[in-house]
Amino acid sequence: MSERLMTRRPRLTVRLRLTLSYAGLLVVSGAAVSCIIWLVFRIVPNYPLTAANPRDLQSGQPPSRAEILDLVVKLSAWTLGFLALVGLVGGWILAGRMLKPLQEITAAARRAASGSLDHRIGLTGIRDEFTDLSDTFDEMLDRLQASFEQYRRFAANASHELRTPHAVMKTMLDVAQADPEHQDVPQLVKRLAETNQRGIDIVETLLSLTALDNREVEVDPVDLAAVVRSAWPALSAEAAEAGTTLSSELTESVVEGNDVLLHQVVTNLVQNAIRHGGGTVSVRVSGGCLVVRNDGGILDAARVRTFVEPFAKDRYGAGHGLGLALVRRIVEVHRGRLELAPNPDGGLTATVVLRELGS
C-alpha cells in the first residue's frame, strides 16, 4: 500500500454512507408526514367530540383532540423508529448489492496494480454505469497486457540483437589475436566495419522508434511524389548495384506529413523491396497512396503479417527486422495505415495510405 493511502484519514465507507442516506431519507419522509398529520389536527377546532349515533356512547366518552394528538405523536415516534431500522437494514443490504460490481472492479484494479494483467471482470446483466465501467476497464487491461507483452518481446529481442554484433566482433578479434600472422587484415577490417555498422543501424532505429513515441511530430503539406523523387538517386544506385530494375509512376499527391519521416518511409520500403525481391521493383504514388511492389518467391500471408513486428526476420533470415516496424510506426504517427500483401505470382506489395489534402 502506498504512503499516500497510508496517510489518508479514516472515513465512512460508501456502503455505510449510502445506508445512512437511505435510512435518513425514510426517517425524514416519515417525520414530514407525521408533522402534516399533527398540523391538521392542530387546525381542527377543540370542540367536544360526540358520536353520530347516541348508542355508540354506551362504551364511554369519545377521545378529545388532545388525546388524539398525544396518540399521533406516540405512534409517529414508534413509526419513525421502525422506519430508521428498516432503512438501516434494508439500506445496508441494498447498498451492498448495488456496490458489489464496484468491489469486483476494485479487486481487479488491485491485481493489475500488483502486476497481474490477465484477470478480467466481465460483468453481465443489465447494461448500466457499472457494466460500462467494467467493459472499459477490461478493454484497458487488454491494451495494457498487449503493450507490455510487446515491449517485453521488444526488449528481449533488442538485447539479443545488440549482443550478436558485439559477440561477432569479439570472436573475430580473439581469432586475430590468437594467430595475427595468418590474418587477412583488409578482410578483417571490412568484416568488423560491417558488423559495427549493423550495431549502429540497430541503435539508430531503436532511437528513432523511441523518439516517435515521446515527441510530437511537426507536419506540413508535403508532396509524396516529390519525396520519392528526392530519395530516387540513392535508391537507383542501390538498385543498380543489386542488379534490380527500378521503375516509378509518380502523380502529384499532397498529404499532411513530415518530409523527413516520409523520406524514411520511402527509403525503407524501397530498400526492403530491392534487397528481398526477385529483380524488379516498381514504385507508384497517387491519391495519397505509396505503393511499392517487388517480385520474388511465393509468400505466406501469415508470415507476411509478422514482417512489421520488431526484429522479425525476413524470409532469407537477413536484416535486423526494424525497417518495416519503423515504417509502420511512422505511418501510425501520420494517422495512416500500412498494408502488406503477398502477390499471387510471388513477391510483396507494400501500400502506405495517407489522407490526401483536398480530397
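User: Why is Asn294 called buried?

Analyst: Asn294 has a relative accessible area of 6%. Buried means under 20%, exposed over 50%, partly exposed in between, with a 1.4 Å probe and protein chains only. Therefore Asn294 counts as buried. This is a predicted model: local features need pLDDT of at least 70, side-chain atom pairs count only at pLDDT 80 or more, and totals for chains, interfaces and linings use all residues. Residues are numbered from 1 along each chain as its sequence is written, and side-chain values use heavy atoms, leaving out hydrogens and water.

User: What does the side chain of Asn294 reach?

Analyst: The backbone oxygen of Ala273, at 3.1 Å. Also the backbone nitrogen of Leu348, at 2.8 Å.

User: What makes these polar contacts?

Analyst: A polar contact is a pair of N or O atoms within 3.5 Å. Within protein, one atom must be able to donate a hydrogen and the other to accept it; residues adjacent in sequence count only if both atoms are side-chain atoms.

User: Why does Thr267 count as buried?

Analyst: Its relative accessibility is 15%. That is under the cut-off, so Thr267 is buried.

User: Which backbone oxygen does the side chain of Thr267 reach?

Analyst: That of His263, at 2.9 Å.

User: Which residues is Thr267 in contact with, leaving aside neighbours within four places in sequence?

Analyst: Ala231 and Leu235. Contact means heavy atoms within 4.5 Å.

User: How much of the chain is buried?

Analyst: Buried residues make up 30% of its 359 residues.
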